[in-house]
Amino acid sequence: MNFQLTEEHLMIQQAARDFAQNELLPGVIDRDTHEKFPAEQIKKMGELGFMGMMVDPKYGGAGLDTISYVLAMEEISKVDASASVCMSVNNSLVCWGLEKFGTEEQKQKYLVPLAKGEIIGAFCLSEPEAGSDATSQKTTAIDMGDYYLLNGTKNWITNGSSASVYLVMAQTHPEKGHRGINCLIVERGMEGFVIGKKEEKMGIRGSDTHSLMFTDVKVPKENRIGEDGFGFKFAMKTLSGGRIGIAAQALGIASGAYELALKYSKERKAFGKEIYKHQAIAFKLADMATEIEAARLMTLRAAWLKDQGLPFDKESAMAKLFASEVAMKTTIEAVQIHGGYGYVKEFHVERLMRDAKITQIYEGTSEIQRIVISRAILDQQ
């Protein structure tokens, strides 16, 4: 076992940290308050290579490993989870899926600009009646010969109004159940494709989350990813890797809140001494640091397994489950350590607490992660 990061890893970590502090931190409270998408910041992230980190350089990516991606995600998420979820979806769900399963033509047309950060993508699986039960796709893609006729609605789509490319899961053969689902590449502006209302959310308010409506949208056959009926398998394989990204996001939210709480505990005095000198606060900090380190190791191990080409479904589910629960617990304690100041926006921790909650819900709820983990450990028996 080697727990030492390489020089390249450390450089990427530092670059992400500098970007987060210099480019994301100014204005992050304003963006949260007014639900403003960080378009300018996302563009700069693309220029720095953060939007296509794991994509082969021949397709415009940075050609880095998953560990590098986790390190960058943590640093970005410490400051702005709205920016990091955009980065996560583009990297984990859109670019990875296209590079792994797309045709050469699809890669040249869509993956190259996505990996360069010239455009961003969206992953469209959830529906009004298909959240955790992703097999219940009501969106249909009727085979019309050389194109599909797409009809339906998608919900809670990250990058909903900002994306140019949408990976849409739709049912083509209802009699086959989940084996009849296809994944289609839909372009912004296709006739019949309408972007619905923006959701007003508790957290990650800078992220643009929308409903999408498709009415008789003609999607060319060459825009299907994989063989006929591959869509559900594509979604599950892609989400398994995506969970590493969300684990890293949760880790970043937790470590960001911890760092703020630690700093505040050394500045704030109560009963004649800095509050970190009170055991009640010191023990909170000790628990936060311990749980964050455990979440970090779990997330990095899942990333390492993925990089080695080894099975990682169970480990990515474990990392997301644990890191998201650590994020929620840590941010609540960070608000508590700040006392009354923790309840106001200026000190950031209340926003991190609101942002933390979604990591237990999207890309598979904590309950779904437990299903994935339990199946994996029981299958080993």
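Is Met-213 buried, partly exposed or exposed? Met-213 is partly exposed, because its relative accessible area is 30%, which falls between the 20% limit for buried and the 50% limit for exposed. Keep in mind as you read that this is a predicted model.

## Around Met-213

Met-213 sits in strand β7, which covers residues 209-220. If we set aside the neighbours within four places in sequence, Met-213 is in contact with Gly-152, Thr-153, Gly-192, Phe-193, Val-194 and Gly-196.

Here is another pair to look for in the structure. Met-213 and Asn-151 are 62 residues apart in sequence, and their C-alpha atoms are 7.6 Å apart in space.

## The whole chain

Now step back to the protein chain as a whole. Its secondary structure is made up of 11 helices and 10 strands. The C-alpha trace spans about 80 × 50 × 40 Å along its principal axes. How does the radius of gyration fit a compact globule? A compact globule of 381 residues would have a radius of gyration near 21 Å, and the protein chain agrees, because its value is 21 Å.

Contacts tell you how the chain comes together. Taking contacts between residues at least 6 apart in sequence, 74% join residues that are at least 24 apart.

## Surface and charges

Of the 381 residues in the protein chain, 55% count as buried. The accessible surface comes to about 16,800 Å², and carbon and sulfur atoms account for 54% of that.

The protein chain also carries 45 positive and 50 negative charges, and the mean positions of these two sets are 4 Å apart.

Strand β4 runs over residues 165-171, and seven of its seven residues are buried, so the strand is largely enclosed by the rest of the structure. You can check this face by face.

Which strands pair with β4? One partner is β1 (residues 121-124), joined to β4 by four bridges and running parallel to it. Another is β5 (residues 181-187), joined to β4 by seven bridges and running antiparallel.

How values were computed. Residues are numbered from 1 along each chain as its sequence is written. This is a predicted model: local features need pLDDT of at least 70, side-chain atom pairs count only at pLDDT 80 or more; totals for chains, interfaces and linings use all residues. Side-chain values use heavy atoms; hydrogens and water are left out. Helices (H or I, at least four residues) and strands (E, at least two) are DSSP runs, numbered from the N terminus. The radius of gyration is taken over C-alpha atoms; the globule rule is 2.2 Å times the number of residues to the power 0.38. Buried means under 20% relative accessible area, exposed over 50%, partly exposed in between (1.4 Å probe, protein chains only). Contact means heavy atoms within 4.5 Å. Accessible areas come from the Shrake-Rupley method with a 1.4 Å probe; for residues, only the protein chains shown count as cover. Lys and Arg count as positive and Asp and Glu as negative; His and the chain ends are not counted. The place of a charge is taken as NZ of Lys, CZ of Arg, CG of Asp or CD of Glu. Two strands pair if DSSP finds at least two bridges between them.
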